Amino acid sequence: MKLAKVAIAFTATLMSTAIPTAAFAGDNKVYSGSMCQPETSASNQQFSRVAGQFLVQGTTSINLRCPIVRDITSGTENGSTGPLAFVHVFSNNAQSKTLQCELRANQPNSLSFQFQKLTIALSGGAAGTPKKHMFNFTGPVAQTPNGSYEVVCSLPPGTGVASYSVAE
């Protein structure tokens, strides 16, 4: 009986020291591009979701909003005051394309935000051979306690988002 009490006390002590450490450890979340949504309902017929990717199929560019689960809602994490992100994009045709994405840290009222914007040009290549590129948001975007994060991209036809990841 005494051995069982010692084992329970040891387990409780271990859990009480491990949980806070795990809760404050930095993490990285990877999202499928298919989680992105068109900014307006008029864009709903111009895209497809295939194999976890979001692909723009119409004849006009689409603005996408890609959600991010935020689990650190105030303070700093690992010396950073906001999120870091990567967005994996691609082009499915031989035409040159210009793609633009932003990493946003929204205020709690959603009326204003801090952001980092990146633009890339994918050069044309052989038809049927996807060109791939990664947006690398190298500096954290200043966050606001209880605000939200999102990735917003403007993509031309024949391009898409394969995946995106965010580290807090």
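**Aromatic pairs and a buried lysine**

Y164 has a relative accessible area of 1% and is therefore buried (under 20% relative accessible area; exposed is over 50%, partly exposed in between, with a 1.4 Å probe and protein chains only). This is a predicted model, in which local features need pLDDT of at least 70 and side-chain atom pairs count only at pLDDT 80 or more, while totals for chains, interfaces and linings use all residues. Residues are numbered from 1 along each chain as its sequence is written, and side-chain values use heavy atoms, with hydrogens and water left out.

The structure contains 4 aromatic pairs (rings of Phe, Tyr and Trp, the last by its six-membered ring, with centres within 6.5 Å; planes under 30 degrees apart are stacked, over 60 edge-to-face, the rest tilted). One of them joins Y31 and Y164, which count as stacked because their ring centres are 4.9 Å apart and their planes meet at 20°. This pair links distant parts of the chain, 133 residues apart: Y31 belongs to strand 1 (residues 28–32) and Y164 to strand 11 (residues 159–167). Strands are DSSP runs of E, at least two residues long, numbered from the N terminus. Y31 is buried too, because its relative accessibility is 8%.

F135 and F137 form a stacked pair, with 6.4 Å between centres and 20° between planes. Both F135 and F137 are buried.

K29 also lies in strand 1. With 19% relative accessibility, K29 counts as buried. Beyond its neighbours within four places in sequence, K29 is in contact with V69, D71, Y164, S165, V166 and E168 (heavy atoms within 4.5 Å).

Elsewhere, R104 lies over the face of F113, 4.2 Å from the ring centre (a charge sits over a ring if NZ of Lys or CZ of Arg is within 6 Å of the ring centre and within 35 degrees of the ring normal).

Note on methods: Helices (H or I, at least four residues) and strands (E, at least two) are DSSP runs, numbered from the N terminus.
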